Structures are given as C-alpha cells and as structure tokens.
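Have a look at the model first, then read on.

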Amino acid sequence: MAGSLPAAVGFLAEIRPDGGPPLRPDFASLGGRTELAEDTGGQSLRAVLLHSGAPDGAHARDRGRTVVFAGELYNRDELARLLPAGLSPDSDAALVLALFGSYDVHAFRLLNGRFAALVAAGERVVLATDHAGSVPLYASVAAGRVLAATEAKALRAATGGQPLPARPVRRLTGVHQVPAGTVLDVRVSTAECVAHRTWAPPLARRIVSENEAVETVRQVLDRAVRVRTGPDTPLVVLSGGIDSSSVAALSAHRSAGRIETVSMGTEEADEFPQARVVATHLGSAHREITVSMADLLRQLPHAVWAAESLDPDIVEYLLPLTALYLRLEGSGRRILTGYGADIPLGGMHREDRLPQLDTAVCHDMATFDGLNEMTPVLSQISGHWSTHPYWDRDVLDVLVALEAGLKRRYGQDKWVLRAAMGDLLPHEVVIRPKLGVHEGSGVTAAFTRLLTDAGVPDQQVHRAKELVVQELFDHVVVAGRHPDEVKTGEVVEQVAERLASGATAAL
C-alpha cells in the first residue's frame, strides 16, 4: 500500500447526457472533497471524491472508460499477474480499469478488497460492491440518469428512480442499496439493469484434519492482517477476546516496532483487565478509553447516521465502536478490528449440536447483507479508516467452509481459531469465552433500561428499540439533520408514548 489510507473513502457520482444541476454531496464521512468532470462516450460524468489527500488515485480513465473507486484492494499482486506484460497500474482504480478492459463485469469476481466502484463506459454504467458489501453503495437510476453514492444520505434529493434488483432504502423513494458481492450493469438511456453476482458464501463444507485446518486458518488470517496493515504503525481495537487478540498478535508479529492497541469501556462494564493481559504480552502501546453510559446512549444518532442501519441489534454492536472512534485523537489512522469472526465461526452459538451450529452459520452468512456492520463510515466520521481481517474474502472462504466440528470442538467455541493462535497468545486468552463489544460495555442492558424507565413494558422492549432506530434514521438520513441536533432521550420518550397509545403504524 502506498499510503496509510485509501485514495478515496467515498464518492457521489452522476452520469447523464447533459451536465445537470450542481452535485450537493452530504456525507457523514470526513475527508477532502475533489470534483471530477469527464465525458464518457456521449455521457457526462460528474463526481465528488471524498479522499484522504490523494484523489488522483481514486479514478482512472482510458479509451472512453472511467473508473471511480472508493476503498482498497488486498490482492493487487495476484491481479497484476493477469495484466499484459509491461502494464503496471499505479492505483487500485487504474488496476480495476485495466482488468475491466479484459474481463468486463467479471473482473469484479477477481477482486479481494473493501470497496465500492463505478465504471462509466458510454451508454453503460457498472456499479460494483466488494464480496461483503463492506463499503455500502447506493443508487438511483432513471432513464437518462444514474446516481450512485457510498452513503444513502448523499442521494436524499434524488427523485424518479426506477425499481432495481436491489434493496430499497427506507423513505428514500427510488434509492436502492447494491447487494453485497454484486455488479449492476445499467444502460443509461433506458435504465435497463442487469445484476451479476460476483461472490456468495460457500455452502459446501470441507472435511480436513485438525492440523490442516489450524495451519490454513493461521495462514489466511496472517495474510489478511498483513495486507491491511499499511506502512504506518497499526492501531488495533482490543477487547482481550480471542478475535481481537489474534489480530493484535499477528500485527505485532509482523511489525518492526510496537503496535498500538486501544480498549473502550463504560462505568458499568469494561474488559480492561483482559485487554491488559494481551497488551502486556505483546508489548503494545496500550490505551484505555472510558465513556460514560449516558454519553454513549446520547451518541445513538451518530451510530445510525454513520451505519445507515435499521437493525437495532446491529446498532447496539456498533455504538461502542462509534463512540471509540469519535474519541481517537488525530486523524487518518488505519484501524484493524477483530469484528465479525463470530459470524463465519458460529461463535455466539455455543452448543455441541453440530447441525444447529451449521444452520446458524448458514443463516448468519445469508442475512448479513444490508446490515452495514462493516461500514468504514463508522470510523470515517472522525477521519479514520477501519478494516476487518475476518471479513477478508479468502478468510471467509476458509472459515465458512470448514465443517462445524472444527468450529465447536472439545467443548470450545471457535476451536480452530483458538488452536491456530495458541503459540502467539497467553493460554488464558486462548480459552477465554467470547463477549460481544456491546456486552463488554453494557450497552444492551443500558439501552433496555433507558426504554423501561420511559415506561416501555418488558415485552415491548425489542419493538421499541426497532422504532427508536427507525426514528433516528428518519431524522439523520432521510431528513438530513445532523446527529448533534437529535436527542436520544426525546426520541425514546416519543416512541414510548406512541407504543402506549398504539400509534406506531406511521413509524
């Protein structure tokens, strides 16, 4: 990687025959903004690139085609071997453009990365997400016009969009989220759209020996950490559990100097002692950040604003991370997390019945799309770039495909990961049961208490959480209010009153 952060972390782009009115980008992400205007075979392409200081690397043009690219690729060396001799693209955008010239939309089947991309080629506009949709991509398509953006709120003013083979966005008529691992191939003049799936979670399961499974998991995870580390000192979010500790250990193992680690807790709960054990063992420069629970709950609007998610469980997971990122000093840090390992490994399903465990893995892998758990906007609201090695494409292909008995073995959840990391971590860390970040900080219990204190009956708490998140979404995404203007307590009171009166249909 040439720099600490990707060339661009987001974009808003429009393609139409004429220039049209000025673009008015609305992003939660921080970053420099550079405007781009080009002709692409009779169509006018205009874009606003949200970048970290090197916008030229976020777009490439050749032979009437233009690529706009947000994010980064993790298999550049392998991809470069597919190019003609002597061709050496100097950016991810240029590499994608060269591959598109040879493979067309199937080029996106080759990419392992964290990205959203747009290719404009005359009458065609191609919109693509990475395998996990980890950089969300939204589109509004009408005859003679295509709009695309990495945040739904940037398309708030879009009107007249036609139905797409994609997920509609709540109360943004005509705006859709491009599915994970998907290419939408759009004809500008007619708005005709064809979807191509470029990745799907493996359904078959591999039967391998313990030694082979352990060696393979260690190898692919080590590579995923290495390609995400960048040239600067890595910063790892550390809870002291096996997931984040493994990422920290592999980062430290490859780093020439001390890595940095950071943990977050509240006055109600933290995992500071467990994280200290790992930090001491690795010799990392470690920090602990305590956020009051009251402050944490007040930042619910920021979590919804960044994630653009409507799932209350996901928002609970992401809220502590949002609060942590907002408190990291400086800007432009590359942050690695252990987030997401539980999904392919069934880590939250601690039972010995293997059919049920694999059923849970299949369900979780089939339903992650659109939840925006991995979105980099969570860290970009404070100018940082986060990335998650467990959701590397090659790591997922290995972890998901392992038969369930390697995930739950000898009475341990995520056994294969624990065995793979046994030589780099203290034994007490390797065997420690997993807690989610929302559990380790007490968020779930505190959010529940906030609602019950407002008069919500216990049996309606989950429904109330759904309504609170929907209301926050309508404020900060649909209506465009800044999250600082939205008071969590007031929204909770409104939802409690509506539940009491039975007037929730409008929500």
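1. The salt-bridge count comes to 39, where a salt bridge is a side-chain nitrogen of Lys or Arg within 4 Å of a carboxyl oxygen of Asp or Glu. Keep in mind that this is a predicted model, with local features needing pLDDT of at least 70, side-chain atom pairs counting only at pLDDT 80 or more, and totals for chains, interfaces and linings using all residues. Residues are numbered from 1 along each chain as its sequence is written, and side-chain values use heavy atoms, with hydrogens and water left out.

2. Take Arg-187 and Glu-123, a salt bridge whose closest N and O atoms are 3.6 Å apart. Arg-187 sits in strand S12 (182–187) and Glu-123 in the loop between strand S6 (113–121) and strand S7 (124–129), so the bridge ties together parts that are 64 residues apart in sequence. (Helices, H or I of at least four residues, and strands, E of at least two, are DSSP runs numbered from the N terminus.) Arg-187 is partly exposed at 41% relative accessible area, and Glu-123 is partly exposed too, at 23%. The cut-offs here: buried is under 20% relative accessible area, exposed is over 50%, and partly exposed is in between, with a 1.4 Å probe and protein chains only.

3. Arg-124 is partly exposed at 25%, whereas Asp-185 counts as buried at 15%.

4. Glu-271 is in the loop between strand S15 (260–265) and helix H5 (272–282), and Arg-432 is in the loop between helix H14 (427–430) and helix H15 (437–441), 161 residues apart.

5. There is also a network: Glu-14, Arg-16, Asp-18 and Arg-46 are linked by salt bridges. Ser-44, in strand S3 (44–51), touches residues including Glu-14, Arg-16 and Asp-18, where contact means heavy atoms within 4.5 Å. Ser-44 counts as buried, at 16% relative accessibility.

6. Now the domains. The assignment, which is automatic or from a database, gives domain 1 (10–197) and domain 2 (210–290 + 332–363 + 372–439). Their contact takes 21 residues from domain 1 and 22 residues from domain 2, and their C-alpha centres are 31 Å apart.

7. How much area is buried between domain 1 and domain 2? About 1600 Å², with carbon and sulfur atoms giving 47%; buried area is the accessible area (1.4 Å probe) that two parts lose on being put together, summed over both. Tyr-74, Asn-112 and Arg-114 supply 34% of the area domain 1 buries against domain 2, more than any other three residues.

8. Between domain 1 and domain 2 the count is 2 salt bridges. Elsewhere in the list of pairs, Glu-72 forms a salt bridge with Arg-334, closest N and O atoms 2.8 Å apart.

Note on methods: Lists of a residue's contacts leave out its neighbours within four places in sequence.
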